[in-house]
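The sequence and structure come before the discussion.

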There are 2 protein chains.
Amino acid sequence: MKLGIIFGGVSYEHEISIVSAIAMKDVINVQIEYIFLDENRDFYHIPTDTIKSKLFSSSEYKKCQKLLLQKDGFFTQAGFLSKPKKLEADVYLNMMHGGDGEDGVIASLLEFNNLDFIGPRKEACTVSFNKFLTKGYAHSVNVKTIDYKYFTKDDEILIEDFPVIIKPVRLGSSIGVSVVKSKEELEYALDVAFEFDDAIIIEPFVNGIKEYNLAACKIAGEFEFSIIEEPQKAEFLDFDKKYLDFARTSTALKADISKELEEKIKEKFKAIYNTQFEGALIRCDFFVKDDEVYLNEINPVPGSMANYLFSNFDEVIKKLSKSLPKTRKILINYEYVNKIQASKGK
Amino acid sequence: MKLGIIFGGVSYEHEISIVSAIAMKDVINVQIEYIFLDENRDFYHIPTDTIKSKLFSSSEYKKCQKLLLQKDGFFTQAGFLSKPKKLEADVYLNMMHGGDGEDGVIASLLEFNNLDFIGPRKEACTVSFNKFLTKGYAHSVNVKTIDYKYFTKDDEILIEDFPVIIKPVRLGSSIGVSVVKSKEELEYALDVAFEFDDAIIIEPFVNGIKEYNLAACKIAGEFEFSIIEEPQKAEFLDFDKKYLDFARTSTALKADISKELEEKIKEKFKAIYNTQFEGALIRCDFFVKDDEVYLNEINPVPGSMANYLFSNFDEVIKKLSKSLPKTRKILINYEYVNKIQASKGK
């Protein structure tokens, strides 16, 4: 199997996508073709044997072969005497975190151009990338979330009880997120959040709440679960901490929880995954309080694909690549246009 | 102003998009460039002076100039001696109903390629195209909807109370929708619905419920509302009836309702529109029962752009085209990659 890994993208998480993608070389045993999307929305074919993060920070990647995404594949550009050449890949893996990757853009581009890919489809992106929409979605599939208030830029924001946690609705990796302990800290935290997005949610900050992460995908109708991990955390994971997480390749430790709680978390995961997330390997982060499970967030393109949560990651990816949802074939006939023409006498 | 109208698309509503787009010639007083997306996902430039529905049913459109959507515009293909030429347009109007238009695909393609357009953005598409997600979204913005049950293809479906209305979650224009009056009719109606989608919702069918349609867009922060119409309907609008609606260009009659109810409906519309729908002119269809307003559905690309609900449609479109949401500029620097390189000594 040849796997095309798409990474980079116009996103606040552009850099962590690079680190995340490079980590795949060590955990998937297939031929990888790296496809980088740069800040100008140009695609480049990056040689697998020489890929390293410095290639991007130095702009050296611009010496690599440019690619165009067109029908049925990525193509080199035609030269004066050369025809466009198609990059060979059987299936693609979307590894762009944040914008372009988790917001539905690349899913739309790949679907439009008829390419098979591992990753969240358009709808799955929307309900996970936007934290406000995640709340509504979780409610629809009967999964609890922490109480919240939703504000847009021009709203009057009155908060009485502290501490709270403020989150821009559309950013991952804790970007723009602040824990606010008192009224005095509020204005600055709001400025920070609104710098990244025009809408935010504010939740009560629950100290000492237990957090558990679980990753999975559906393969031929059955869930392939990872272990459940209790992530190491400071007050909350800030960007620097999470960033280092994206390069993780060593296997994590299973959380020490009851069989019963484990099952409860898995049931909630299944409710979230539903049919929306088919084709994707996702990680859900849950809170547990008084034995009640709450969804914190859905990572539809998790850092380093959450490989460290699986003992058989290589196998899972290979099986998933053969169990991707098919696009429904829509037949276009002109029955109604013909009917109208007849009725109008045109 | 030159307006590029994008229509067609791989969609069960491909044909009605054609009719809808052609209707624009009579109601918008600008230079129009018609861009047709055919069933093979090829774009064609259709001359405005000769456009008619038969061009498409007869496949004659294939003689028109092919276009490629690339960075900053639609381009003709390079010939042996000719360079690609850009189609001039100041702003685009998404007029694809259903798949490709209302599901976020074209929004992603236009955003990716940096084109200004009137139409729903990705998130707005997801929460309106999928009726199940619409329910969750309406709940989040405090708008009531009719009770429902959600089923996917393999679920056991038990219905006790009839009549019910069965809807595939992802289709507009009443495609695949049935009113089921008794248990005996259920199986056939389910087969029909699941032929179009792998998920459905089932609602109680409320006979004689009042229905009201309202269209609007936000221009420079202010809502520009249409009149509220009480649509003519048989038991419910089937595809044929709705289809003819897409060619409507004569102004509709204002519903005879109290000022109070009018305000209530507008408030619900505003809650739905929120910031998600900025850039789009949408039509919301509401039910009213016992003075309570329920959202029935959101049409993010309404038939013939709901021009018949406005007395000043031409002006609204022109003003909206100058009040489109801007994409947030994301600066990519390599701060973290550099930090990691330093810490690893690489």
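The text below treats the interface between the chains, then a helix pair within one of them. The model is predicted.

**Interface of chain A and chain B**

The size of an interface is often given as the accessible area lost when the parts come together. Here chain B and chain A bury about 6100 Å² between them, and 58% of that area lies on carbon and sulfur atoms. Chain B contributes 70 residues to the contact, and chain A contributes 70 residues.

| Item between chain B and chain A | Value |
|---|---|
| Salt bridges | 6 salt bridges |
| Polar contacts (both residues at pLDDT 80 or more) | 23 residue pairs |

A salt bridge joins the side chains of K122(A) and D103(B), with an N to O distance of 3.6 Å. On the side of chain B that touches chain A, helix α10 (residues 335-344) of chain B gives the most, with 7 residues. The residues of that side of chain B comprise 29 nonpolar, 21 polar and 20 charged.

**Helices α4 and α5 of chain A**

Helix α4 of chain A spans residues 122-129, and helix α5 of chain A spans residues 131-140. Their axes come within 5 Å and cross at roughly 105°. Because angles of 65 to 115 degrees count as roughly perpendicular, α4(A) is roughly perpendicular to α5(A).

From α4(A), the residues T126(A), V127(A), S128(A) and F129(A) meet K131(A), L133(A), T134(A) and Y137(A) of α5(A). By class, this contact of α4(A) with α5(A) has 4 nonpolar, 3 polar and 1 charged residues.

Conventions. Residues numbered from 1 in each chain as written. Chains lettered and ligands numbered in written order. Heavy atoms only, no water. Axes fitted to C-alpha atoms, helices over the stretch in contact; angles between N-to-C directions. Helix = DSSP H or I, 4+ residues; strand = E, 2+ residues; numbered from the N terminus. Parallel < 35°, antiparallel > 145°, perpendicular 65-115°, else oblique. Contact = heavy atoms within 4.5 Å. Nonpolar A, V, L, I, M, F, W, Y, C, P; charged D, E, K, R; others polar. Buried area = accessible area lost by both parts, 1.4 Å probe. Salt bridge = Lys/Arg side-chain N within 4 Å of Asp/Glu carboxyl O. Polar contact = N/O pair within 3.5 Å; in protein donor to acceptor, adjacent residues only side chain to side chain.
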